[in-house]
Amino acid sequence: MKKILLPTDFSENSWNAITYALQLFKNETCKFYLLNTYTPVIYHVEYVLVNPAQYGLGDAVRETALKNLDDFKVRMTKEFKNPNHTIETMAAFNTLVSEVKEVTKKKKIDYVVMGTKGATGAAEILFGSNTVHVFKNVNCPILAVPDDFDFEIPHEVLFPTDYEIDYKDHHLNPLIDIISLFNTRVNILNVSYGNDLTEVQKKHKQILEKNFEHIVHLFHRVNSQDVAEAITNFQLKARVNLLVMINNKHSFFENLFFKSTINQIGFHLNSPFLVIPAKT
């Protein structure tokens, strides 16, 4: 049974991510954990040092969160009747990242599926700060779904790589588990700066070949482009339904997402994005 965490702030963006997860895993036996984290508006240091209940605020905020969670649960079961799926609601007085870290460990979560923006997300920002912090701090595969993306079967997967990772099962299984459900082709994209692959890179490429031997796959190599540009150009040529990257420290993933301000990222994400941690 797959265990899938669905953080929600009750926005339409988070609802869209939830419906994506329900459709992606519709043929799998799954337990979905629907999570809302909350902090009252007057949240500050002094507030944390005492019992929130003595202000009479914690309970009211919690009750609202629980009611909204129940409403979402009813909506999920009504619009996506599925005997394979069970849903548990969770409301927590905590920050999103801290609670997601805690729940993924405690419940042994397989995937976190979330929207790319929060309720106040601005159109010009690719990822809300919450999403980026989850990418950075949670050691669990994260599937981020753009708010305007209607579910599509992931027929075409784009997997950019610099072949610098010694691929292990925990790197590739989250991807293989998803694409084994569908008739999918994996496009492995290497961005080169004119140099031949080193012996180490060749070895890592062979690991990918072995792991994808029963999956339709193509290797692509492009020169004289940065990673963001290469991804954008590939998306213009092919209808990519899922983008996948390994969140490896000191890799182009880190450079792409964490060393530039969020709204300066050079490509627009127009498909769901699966981020797999380098370490579990």
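**Terms and the values behind them**

Guide: The chain exposes about 14,000 Å², and carbon and sulfur atoms supply 49% of that area, where accessible areas come from the Shrake-Rupley method with a 1.4 Å probe and, for residues, only the protein chains shown count as cover. This is a predicted model, in which local features need pLDDT of at least 70 and side-chain atom pairs count only at pLDDT 80 or more, while totals for chains, interfaces and linings use all residues. Residues are numbered from 1 along each chain as its sequence is written, and side-chain values use heavy atoms, with hydrogens and water left out.

Visitor: Why is serine 11 called buried?

Guide: Buried means under 20% relative accessible area, whereas exposed means over 50% and partly exposed lies in between (1.4 Å probe, protein chains only). Serine 11 has a relative accessible area of 10%, and therefore it counts as buried. Its place is in the loop between strand 1 and helix 1, helices (H or I, at least four residues) and strands (E, at least two) being DSSP runs numbered from the N terminus. Across the chain of 280 residues, buried residues make up 50%.

Visitor: What makes the pair of serine 11 and aspartate 9 a polar contact?

Guide: The term requires a pair of N or O atoms within 3.5 Å; within protein, one must be able to donate a hydrogen and the other to accept it, and residues adjacent in sequence count only if both atoms are side-chain atoms. The side chains of serine 11 and aspartate 9 are joined at 2.6 Å, as a polar contact.

Visitor: How do you know that strand 1 and strand 4 pair?

Guide: Two strands pair if DSSP finds at least two bridges between them. Strand 1 (residues 2-7) and strand 4 (residues 111-115) are joined by two bridges and run parallel. Isoleucine 4 stands opposite tyrosine 111 in strand 4. The open sheet holds 10 strands in the order 3-2-1-4-5-10-9-6-7-8, with mixed pairing; its edge strands, strand 3 (85-93) and strand 8 (216-223), each pair on one side only.

Visitor: What is the largest nonpolar core, and which residues have the most contacts inside it?

Guide: A nonpolar core is a set of buried Ala, Val, Leu, Ile, Met, Phe, Trp, Tyr and Cys residues joined through side-chain atoms within 4.5 Å. The largest such core has 49 residues, and Leu6, Val113, Phe159 and Phe212 have the most contacts inside it. Helix 1 (residues 12-24) gives the most to this core, with seven residues.
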